[in-house]
Amino acid sequence: MSGSSTSDQLVRSGEERDGPLLITEDEELLDDLLRLCAAAGALPHVAHRPPPRKEEWESAPLVVVGADAAGRLSATGRRAGVIIAGRDADDVAVLRQAVAIGAERVLALPDGERWLVDRIADAVEGAGPPALTVGVIGGRGGAGASTLAAALAVTAARTGERTLLVDGDPLGGGLDVLLGGEQEKGLRWPAFAESRGRVAGGALAESLPRLHSLRVLSWDRGAEVAIPPPAMRAVLAAARRRGGVVVVDLPRRVDGTVAEALAQVDVGLLLVPAELRAVAAARRVADGVRAVLRDVRVVACGHPGPGCGGGPTAEEIARLVGLPLAGELPWETGLLEDLARGRVPGARARGPLARFCAGFWGRARGGGGGRGGEPGAVTAVDAGRGAEPGPGGAPE
């Protein structure tokens, strides 16, 4: 092929991981493979004239060989991760060539395109454990779910954990605003409203605003955009594949889109202020969440104002709501003023909010992390003993 092929127009920014090695002289096939690599968020190397150089062959995370070139690879050493792609997966000659070079699969295009996109993305992104994913839901309006979600994400990122904070509530005002990053460049939810199928995890993260050492997927300041369930499914699946930690701030009403988010959450935290009306509201929220998510736990919190010390205890709240207790979050004096001044939630390292978050992550990691892990309960001692006094809670 000439030196002006499509592959020569791809520019590496230094942020992307190396994609697969493509080996073919079939221009039409190469264009298809380049398109599939782009869909997987991968930048490939192309060997137009087989066989490839030894170092290319051995170091590539995946090798995709055109059926036209498979017969000229007999001298290359065997390696894992070789796919032969062509137009006819039942061609006997191609099947023999696949056996000769140890290919794992012979794939016919276009029928096998979706499979190949997933295989390329898996090879590029790696196959490590999925992110430990925590959903935060308010037991009633204004309980402080957004503040707790942001503080959990900030605390995880502060320890060096790869962290993504997802704003799942279009009416919440925007987590980027809460973190002081509404002017930060990067994509917001409306850009992903049409997402379907496989979204590349690395490309997703790099496209989002980076605030306080974490990535944030929030809403823009325009009119509300409904996120279809398939888009939520695709985006959260991409976020989880990168590993680390994902925190999702969720609304109280469980519709189809929220159900898709809950289906990918490992543990849900239901934030319930220490007042009877909040407990009654939280019971209704819990019923909807438990229909989708098995592991839901109560975080008992306080609230500012007269009579704030006369509510039910954390243990009583958990019993009344019918959920296990994840911990008690004492009210943090001065938190409202800190947020008004642009200080991020959990910034006070010795404050109740930061202590609760650090205790939760410590117990969660101790439980193994990732889907199927069992983050341990965070006790009242872990959450806030020795910090500023007062009943538990955090503002929205």
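## The sheet

Five strands form an open sheet with parallel pairing in the order E2-E1-E3-E4-E5, where strands (E, at least two residues) and helices (H or I, at least four) are DSSP runs numbered from the N terminus, and two strands pair if DSSP finds at least two bridges between them. Strand E2 (43-47) and strand E5 (105-108) are the edge strands, each pairing on one side only. From one strand to the next, the twist averages 25°.

This is a predicted model, in which local features need pLDDT of at least 70 and side-chain atom pairs count only at pLDDT 80 or more, while totals for chains, interfaces and linings use all residues. Residues are numbered from 1 along each chain as its sequence is written, and side-chain values use heavy atoms, with hydrogens and water left out.

## Strand pairing and helix packing

Four bridges join strand E1 (residues 18-23) to E2 in the parallel sense. Leu 22 has Val 46 in E2 as its bridge partner. H1 packs on the sheet and touches E1, E2, strand E3 (63-66) and strand E4 (82-86), contact meaning heavy atoms within 4.5 Å. The direction of H1 makes about 165° with that of E1. H4 also packs on the sheet, touching E1, E3, E4 and E5, and its direction makes about 130° with that of E1. Axes are lines fitted to C-alpha atoms, for helices over the stretch in contact, and angles run from 0 to 180 degrees between N-to-C directions.

## The H1 and H4 contact

The axes of helix H1 (residues 27-39) and helix H4 (residues 113-125) come within 9 Å and cross at roughly 55°. H1 and H4 are therefore oblique to each other, the term for angles that are not under 35 degrees (roughly parallel), over 145 (roughly antiparallel) or 65 to 115 (roughly perpendicular).
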